[in-house]
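Open your viewer and get ready to click through a few selections. We will go stop by stop, and each stop tells you what to pick and what you will find there.

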Amino acid sequence: MENAIKNMVQGIEAECGGACACATCHVYVDDAWAEKIGSAEPMEEDMLDFAYDVKPTSRLSCQIKISNELDGLIVHVPERQA
Ligand code: FES
């Protein structure tokens, strides 16, 4: 989420600043990365209920902890947000 904001990625508003309280940072993790990213924690799952067009690979980008292991990560912004 922070990288998306810094790079002005359209569709990532992050209204709550990363507090897992808005769902305006919703992304789809690319299928090739889904297993490595893992699933959402219960609080994130609850907030995803407020996102549009949620899919099994949906995540709130502010809850994805970036590490060197995720270099090259691909996520997609839902069409309705972009
Ligand atoms: S920035 Fe608000 S939930 Fe991610």
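**Stop 1: Ile-64.** Select Ile-64 and show what surrounds it. Setting aside neighbours within four places in sequence, Ile-64 is in contact with Val-27, Val-29, Ile-37, Arg-59, Leu-70 and Leu-73. Keep in mind as you look that this is a predicted model.

**Stop 2: the nonpolar core.** Now widen the selection. The largest nonpolar core has 19 residues, and Ile-64 is among those that touch the most other members, together with Met-1, Ile-12, Cys-25, Ile-37 and Leu-60. Which elements give two or more residues to this core? They are β1, α2 (residues 31-37) and α3 (residues 42-48).

Stop 3: Switch to a cartoon view and find the strands. There are 3 of them in an open sheet, ordered β2-β1-β3, with antiparallel pairing. β2 (58-60) and β3 (75-76) are at the edges and have a single partner strand each, so one side of each has no neighbour in the sheet. In general, strands of a sheet pair through backbone hydrogen bonds, either parallel or antiparallel. For a detailed look, select β1 (residues 26-29) and β3, which run antiparallel and are joined by 2 bridges. Click Tyr-28, and then find its bridge partner in β3, His-76.

**Stop 4: a charged pair.** Return to Arg-59, one of the contacts of Ile-64. How many salt bridges does a search of the whole structure find? The search finds 1. In this salt bridge, the side chains of Arg-59 and Glu-44 meet at 2.7 Å, N to O. Arg-59 belongs to strand β2 and Glu-44 to helix α3, so the pair ties together parts 15 residues apart in sequence. Are these two residues buried or exposed? Both Arg-59 and Glu-44 are buried.

Stop 5: Select Ala-23, in the loop between α1 (2-6) and β1. The phi of Ala-23 is positive, near 70°, and this residue is not a glycine. Ala-23 is also buried, with a relative accessible area of 9%. Next, go to Asp-53, in the loop between α3 and β2. Asp-53 is not a glycine, yet it has a positive phi of about 50°. Asp-53 counts as partly exposed, at 46% relative accessibility.

How values were computed. Residues are numbered from 1 along each chain as its sequence is written. This is a predicted model: local features need pLDDT of at least 70, side-chain atom pairs count only at pLDDT 80 or more; totals for chains, interfaces and linings use all residues. Side-chain values use heavy atoms; hydrogens and water are left out. Two strands pair if DSSP finds at least two bridges between them. Helices (H or I, at least four residues) and strands (E, at least two) are DSSP runs, numbered from the N terminus. A nonpolar core is a set of buried Ala, Val, Leu, Ile, Met, Phe, Trp, Tyr and Cys residues joined through side-chain atoms within 4.5 Å. Buried means under 20% relative accessible area, exposed over 50%, partly exposed in between (1.4 Å probe, protein chains only). Contact means heavy atoms within 4.5 Å. A salt bridge is a side-chain nitrogen of Lys or Arg within 4 Å of a carboxyl oxygen of Asp or Glu.
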